[in-house]
Amino acid sequence: MAPRRMQQVGAGPSTEQAYIYKVVLLGSTAVGKSSIAFRYVKNVFRESMPTVGCSFFTQLVCLETATIKLEIWDTAGQEKYHSVCHLYYRGANAALLVYDIARKATFARAKLWLRELEKEFLPDELVIVLVGNKTDLAAQREVTFEVKEFAKSKSLIYMETSAKSNYQVTEVFMAIGKFQVRSCWTDKSTREMLRSVPALCLVKPSDHTKKCCMN
Ligand SMILES: Nc1nc2c(ncn2[C@@H]2O[C@H](COP(=O)(O)OP(=O)(O)OP(=O)(O)O)[C@@H](O)[C@H]2O)c(=O)[nH]1
């Protein structure tokens with residue numbers, strides 16, 4: 001899905017390019033979707049109530065050559081909201097499939113979400129990041145090496161995070177921005193900007209990038 005283009009956002013110069021990316025968070029209840037969004041947008045971690053329907057956040061990411069506005073849609077993981085979730089991921093540019101590394105059943109659920117997205121989106125239409133949250137609970141880890149193999153087989157970006165200890169949360173969103181920008185823009189200044197983005201844990205990045213560039 002191509003990002004929407006804005007006239008201007010923020011206080012940057014009027015010549016600045018600006019794009020809107022819709023990012024949707026999907027996954028079982030209590031895996032930490034809201035906590036990831038809160039950590040990224042407000043840099044706080046607090047006990048949160050289960051989401052009702054969907055929560056919405058925005059975040060401006062100012063890069064050297066462009067400003068990206070991320071629209072972050074945090075969906076409710078409780079089963080009773082499943083039937084309405086498609087309303088929230090419609091038109092998305094990226095999806096975070098979140099599971100809890102200490103609860104194997106949540107990884108199985110993330111796989112089901114992936115199947116649903118595969119039915120709704122063309123292969124190169126959506127950037128999908130598989131996110132194993134709660135790495136601070138390493139002693140209770142139930143999801144191990146199999147996830148890496150799975151991500152590789154599906155050419156997904158795969159990262160682990162802890163919203164609690166603020167581990168790699170920003171990096172997940174940077175990965176999306178980096179991937180989208182790489183797919184859409186090929187000018188020299190953008191390539192220079194991308195070199196300054198920190199290295200990220202991408203599974204098969206070259207394959208995935210190639211597929212996106214064919215669009
Ligand atoms: N230890 C630990 N707990 C976390 C982490 N992230 C979230 N939690 C806790 O997990 C519980 C659920 O977090 P939420 O962010 O509400 O989960 P959610 O996926 O948004 O849940 P729904 O809104 O029901 O879909 C809360 O008690 C959080 O404090 C983390 O990285 N580490």
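In the predicted model, helix α3 comprises 17 residues and extends 25 Å from its first C-alpha to its last, close to the 24 Å expected at 1.5 Å a residue. The buried residues of this helix are Thr106, Phe107, Arg109, Ala110 and Trp113. They lie on the same side of α3, because the arc they cover around the axis is only 155°. Exposed residues are found on the other side of α3, namely Ala105, Ala108, Arg115 and Lys119. An α-helix has 3.6 residues a turn, so residues three or four places apart point the same way.

Helix α3 spans residues 104–120 and includes Leu114. Leu114 has 19 other C-beta atoms within 10 Å and is therefore classed as partly exposed, given that a buried residue requires 20 or more. Beyond residues up to four places away in sequence, Leu114 touches Leu97, Ile128 and Lys154. Phe173 lies 59 residues from Leu114 along the chain, and the C-alpha atoms of the two are separated by 19 Å.

The protein as a whole contains 7 helices and 7 strands. Read from the N terminus, the order of elements is β-β-α-β-β-α-β-α-β-α-β-α-α-α. Of its 215 residues, 36% count as buried. When contacts between residues at least 6 apart in sequence are considered, 71% of them join residues at least 24 apart.

In soluble globular proteins, nonpolar side chains tend to be buried together. In the present model, the largest nonpolar core consists of 47 residues. Within this core, the residues with the most contacts are Val23, Leu97, Val129 and Leu130. For Val129, with neighbours within four places in sequence set aside, the contacts are Ala94, Leu96, Leu156, Ile157, Met159, Val172, Ala175 and Ile176.

Note on methods. Residues numbered from 1 in each chain as written. Predicted model: local features only at pLDDT ≥ 70, side-chain atom pairs only at ≥ 80, totals over all residues. Core = buried A, V, L, I, M, F, W, Y, C linked by C-beta atoms within 7 Å. Buried ≥ 20, exposed ≤ 12 C-beta atoms within 10 Å, placed from the backbone. Contact = placed C-beta atoms within 7 Å. Helix = DSSP H or I, 4+ residues; strand = E, 2+ residues; numbered from the N terminus. Expected span 1.5 Å × (residues − 1). Arc of directions from axis to C-beta.
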